[in-house]
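Subject: The structure I promised you

Hello,

Have a look at it first, then read on whenever you have a moment.

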Amino acid sequence: MTGTAPVPFTADDYKARMDRAARQAADAGLAGLLVAPGPDLVWLTGYAPPTVTERLTLLVLAAGREPVLVVPTLEAPDAEKATGAPALALRDWTDGKDPYALTAALLDGRGRFGVSDNAWALHLLGLQQALPGTSYVSLTEALPMLRAVKDAAELERLAAAGAAADAAFEEIRNVRFSGRRESEVAADLAALLRRFGHAQVDFTIVASGPNGANPHHEAGDRRIERGDMVVLDFGGLKDGYGSDTSRTVHVGEPTEEERRVHDLVREAQEAGFRAVRPGAACQDVDRAARAVIAGAGYGEYFIHRTGHGIGVTTHEPPYMIEGEERPLVPGMCFSVEPGVYLPGRFGVRIEDIVTVTEDGGRRLNETERGMVIVD
């Protein structure tokens, strides 16, 4: 079961994204954007090089100018097949030629440029040598909200990815936990994500008993025992868009304290969700969830931000954290995932992906948030 295929993005979709990015760069006082292979290039053009090597591949965007993709000649045929290729010009270079001189001719020699975060130092230094009058800033610093607001087609893909992750949880809650290694349950989760349509699995955290107090515990050889609380956090990419959900289950009947802490985290997660509305600051979501946990005396055990954005990557801006005053805008998608982590004992985290609507928020995960008992 993988569901129906999403409506494909078109060359016009990619043109609109490139135009928007160029305008936002100009509004931020930049001469343009330089985008290396990675999530930003895929989002802007639909192009992912077959391999990422020392050969320079770079998208050059500037307001009022045609987008240009600089590519090695041997990869130009692949670039020409990208859905967004009709909306840009290709400039190829052959081995033995200087790709930085080719790129420099496209740039303002005294400009300040936004550069995608995963650009190689080798390439940035090559451009600086070719154009010593230029300066650079990371794309996340310059335009952190570039990909933050999703259109209807993107929201549809995110919703489908969330539904697939939910289907994986509904299956995993019925498998045996007791007596099995965390790594075995994690492998089950990865297989389920793929069965329900994920092309890429980014993480399958299975943190049992005291390991649950480590939010980013990697599933290991510990055997899950009856009486364990088990944090499940899993996600990846389906049709190019991310899923990420967390549920905390219990092997056998929980103690009164375990149930109380789980109920507390569920209440905090609900409070964070209720804080989602257009115009609210990102930090308001964090404050709402954190206030519930702190009010119950567990504030020191909530040790991470309440949420992160999601889209063509599973972690991206915006971030739901104190000090982030950017307003929520319809179309933004992010996690709401408070947790309580008691060192040496257990942890609890409950996470949904939420999108901002015109009058509030909508969850993209709908599995049981109450205590789930597993065998």
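How many salt bridges does a search of the whole structure find? The search gives 25 salt bridges. Before I go through some of them, please keep in mind that this is a predicted model.

**Salt bridges**

Let me start with Arg180 and Asp188, whose side chains meet in a salt bridge at 2.9 Å, N to O. Arg180 counts as buried because its relative accessibility is 14%, under the 20% limit for that class. Asp188, with a relative accessible area of 26%, is partly exposed.

A group of other charged residues is also worth a visit. Arg247, Glu270, Arg274, Asp352, Arg363, Glu366 and Arg369 are linked in a network of salt bridges.

- Arg274 and Glu270 form a salt bridge in which the closest N and O atoms are 3.7 Å apart. Both residues belong to helix 9 (residues 256-274), where they sit four residues apart, about one turn of the helix. Arg274 is exposed at 57% relative accessibility, while Glu270 is partly exposed at 28%.
- Arg369 and Glu366 meet through their side chains at 3.1 Å, N to O. Arg369 counts as buried, at 17% relative accessibility, whereas Glu366 is exposed, with a relative accessible area of 51%.

Next, find the open sheet of six strands, which has the order 4-3-2-1-5-6 and mixed pairing. Which strands stand at its edges? They are strand 4 (89-93) and strand 6 (135-138); each has a single partner strand, so one side of each is left without a neighbour in the sheet. From one strand to the next, the twist averages 25°.

Strand 2 and strand 3 pair in the antiparallel sense, over three bridges. Across this pairing, Leu59 has Leu69 in strand 3 as its bridge partner. Helix 5 (residues 121-130) lies across strand 1, strand 2, strand 5 (112-115) and strand 6, and runs at about 155° to strand 6.

**The nonpolar cores**

Leu59 and Leu69 turn up again here. The largest nonpolar core has 34 residues, and those with the most contacts inside it are Met18, Leu33, Leu44, Leu59, Leu61 and Leu69. Among the elements that give two or more residues to this core are strand 1 (32-35), strand 2 (58-61), strand 3 (68-72) and helix 7 (152-172). The largest share, four residues, comes from helix 1.

**A loop residue to look at**

Finally, is Met332 buried or exposed? Met332 is placed in the loop between strand 12 (316-320) and strand 13 (333-336), and it is buried, with a relative accessible area of 3%. Leaving out residues up to four places away in sequence, Met332 touches Met145, Ala148, Val149, Pro318, Pro327, Val354, Thr355 and Val356. The C-alpha atoms of Met332 and Lys150 are separated by 6.0 Å, although these residues are 182 residues apart along the chain.

Happy to go through any of this with you.

Best wishes

Methods:
Residues are numbered from 1 along each chain as its sequence is written. This is a predicted model: local features need pLDDT of at least 70, side-chain atom pairs count only at pLDDT 80 or more; totals for chains, interfaces and linings use all residues. Side-chain values use heavy atoms; hydrogens and water are left out. A nonpolar core is a set of buried Ala, Val, Leu, Ile, Met, Phe, Trp, Tyr and Cys residues joined through side-chain atoms within 4.5 Å. Buried means under 20% relative accessible area, exposed over 50%, partly exposed in between (1.4 Å probe, protein chains only). A salt bridge is a side-chain nitrogen of Lys or Arg within 4 Å of a carboxyl oxygen of Asp or Glu. Two strands pair if DSSP finds at least two bridges between them. Axes are lines fitted to C-alpha atoms, for helices over the stretch in contact, and angles run from 0 to 180 degrees between N-to-C directions. Contact means heavy atoms within 4.5 Å.
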